[in-house]
Protein chains: 2
Amino acid sequence: MEMHTQQLNELHMVAAEIPGYTYGSDESAQSPITVEEFELLKQAARFTTDDVHWLRAAGEAFMGHTQELVKTWRDLISAQPHLRKYGLDLDGNKDERYAERSGLRFQQWILDTCFRDYDQDWLNYQQEIALRHTTLEKNKTDEARSAPTIHLRYIIAFMAVVADPNLLKPFFRRKYHDEEKIERMHQAWTKSLWLQIALWTAPYTNANEAPNEW
Amino acid sequence: MEMHTQQLNELHMVAAEIPGYTYGSDESAQSPITVEEFELLKQAARFTTDDVHWLRAAGEAFMGHTQELVKTWRDLISAQPHLRKYGLDLDGNKDERYAERSGLRFQQWILDTCFRDYDQDWLNYQQEIALRHTTLEKNKTDEARSAPTIHLRYIIAFMAVVADPNLLKPFFRRKYHDEEKIERMHQAWTKSLWLQIALWTAPYTNANEAPNEW
């Protein structure tokens, strides 16, 4: 059954089928933290229901443009050999299949950040995303032959780009004209990134040096 | 020898003596990465010499107000039991000496973020700061009897507050009136935070799950 753009938009999905997208299924990893623990993390970041509201608004602006936004980011990645290498195959060539499949999930991640409830399914899928950056799971989903891990420090540094208002606000301005509201959307997006990076560190973390949990 | 405020300002120091502040000395830890490797990380974050310029400008605005800014952040920490606990002694009381000494270093961190060259000394001290959040070094510098570690996820989540433009821009506006320049200062500050968090993950990182380096 072919789904139309309008139906996909209503579902906040970038495609009817997204290879390897296991959100909400048994195939997703389990988060090391519960929704209750995540509430405390949201408090620490001062992430509130206002932010949820502005993320929804941001998502409305991103819809239909996720491919363009991912291309913007990936062009910046491709321009840097130390970032580009994480997507190349072992011969140093671009792995088109891997790029396409992971690119579709990257697009969906934008909409999920904006529209999903940050519940246990969402927490679990953050852990799945995190694992897919590490040697434990990288390449497996797409049977790619690429670098075995993405170093955490590069993921975090690149978040400065994913959070860059100079790249994001033009997307918001296509739909909205109130700069104060656009600023709120950007702030909500940025807070969500800090929270997600906090979660994505989990599988990289050494229990010996930061004991208890992670 | 007593130093006057003007002299301290010229040196970009919040006090003539800062207990446990081992910046640039042999007592500081060594960074796991070199200046050359950090150049690549700056590229990943798109951190440029423009950002260095705007950080200097931000630093000029912070000078004389670092105590107030740290108090702003710490009041938010103190209001949350799950964050407050990292500064309490084992009896659940506030450790005044620990708070005072680490608070002075927290203030100096603001000026260092703005004024220091991000060279090997700076990289090394980032590692020292990171270690002092973990069981390897927490409490040792100040002989504190407090929680043995600060969980990485809370450090990262709280960066959303340390980066919050609603808290920072009023400080910039005391000195500057051009909102575009103030925005640039905030963007430079935020990029620096992403880079520093990238560095601070080093001692927490599990080499088994993200091999090579970290």
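Guide: Chain A has 10 helices and zero strands. Read from the N terminus, its elements run α-α-α-α-α-α-α-α-α-α. The radius of gyration of chain A is 17 Å, close to the 17 Å that the globule rule gives for 214 residues, so chain A is as compact as a globular protein of that length. Its C-alpha trace spans about 45 × 40 × 40 Å along the principal axes.

This is a predicted model, so confidence comes next. The mean pLDDT of chain A is 92. In that chain, 95% of residues reach 70 or more. Residues 208-214 of chain A have a pLDDT below 50. Even there, the model shows 27 contacts for the stretch beyond near neighbours in sequence. For the complex, the predictor gives an ipTM of 0.94 and a pTM of 0.95.

Now the packing of chain A. Of its 214 residues, 58% count as buried. Take the contacts in chain A between residues at least 6 apart in sequence: 79% of them join residues at least 24 apart. The accessible surface of chain A comes to about 9600 Å². Carbon and sulfur atoms account for 48% of that surface. Chain A carries 24 positive and 33 negative side chains. The centres of these two sets lie 6 Å apart.

With that in place, here are the loops.

Start with Ala163(A). It sits in the loop between helix 8 (152-162) and helix 9 (165-175) of chain A. Its relative accessible area is 5%, under the 20% cut-off, so Ala163(A) counts as buried. What does Ala163(A) touch, not counting residues up to four places away in sequence? Within chain A, the list is Leu168(A), His186(A), Trp189(A), Thr190(A) and Leu193(A). Ala163(A) also touches Trp194(B), a residue of chain B. Gln187(A) is 24 residues from Ala163(A) in sequence. In space the two are 9.0 Å apart, C-alpha to C-alpha.

Move to chain B and Tyr86(B). This residue lies in the loop between helix 5 (81-84) and helix 6 (96-115) of chain B. Tyr86(B) is buried because its relative accessibility is 7%, again under 20%. Leave aside its neighbours within four places in sequence. Tyr86(B) is then in contact with Tyr98(B), Lys138(B), Ser146(B), Ala147(B), Thr149(B), Ile150(B), His151(B) and Tyr154(B). Gln107(B) is 21 residues from Tyr86(B) in sequence, and their C-alpha atoms are 18 Å apart in space.

Two further loop residues deserve a look for their backbone. Most residues other than glycine have a negative phi. Asn139(A) is not a glycine, yet its phi is positive, about 80°. Asn139(A) is placed in the loop between helix 7 (120-131) and helix 8 of chain A. With 12% relative accessibility, Asn139(A) counts as buried.

Glu143(B) also has a positive phi, about 45°, although it is not a glycine. Its loop lies between helix 7 (120-131) and helix 8 (152-162) of chain B. Is Glu143(B) buried or exposed? Its relative accessible area is 64%, over the 50% cut-off, so Glu143(B) is exposed.

Conventions:
Residues are numbered from 1 along each chain as its sequence is written. Chains are lettered from A and ligands numbered from 1 in the order in which they are written. Side-chain values use heavy atoms; hydrogens and water are left out. Helices (H or I, at least four residues) and strands (E, at least two) are DSSP runs, numbered from the N terminus. The radius of gyration is taken over C-alpha atoms; the globule rule is 2.2 Å times the number of residues to the power 0.38. Buried means under 20% relative accessible area, exposed over 50%, partly exposed in between (1.4 Å probe, protein chains only). Contact means heavy atoms within 4.5 Å. Accessible areas come from the Shrake-Rupley method with a 1.4 Å probe; for residues, only the protein chains shown count as cover. Lys and Arg count as positive and Asp and Glu as negative; His and the chain ends are not counted. The place of a charge is taken as NZ of Lys, CZ of Arg, CG of Asp or CD of Glu. pLDDT is the predictor's confidence in each residue, from 0 to 100.
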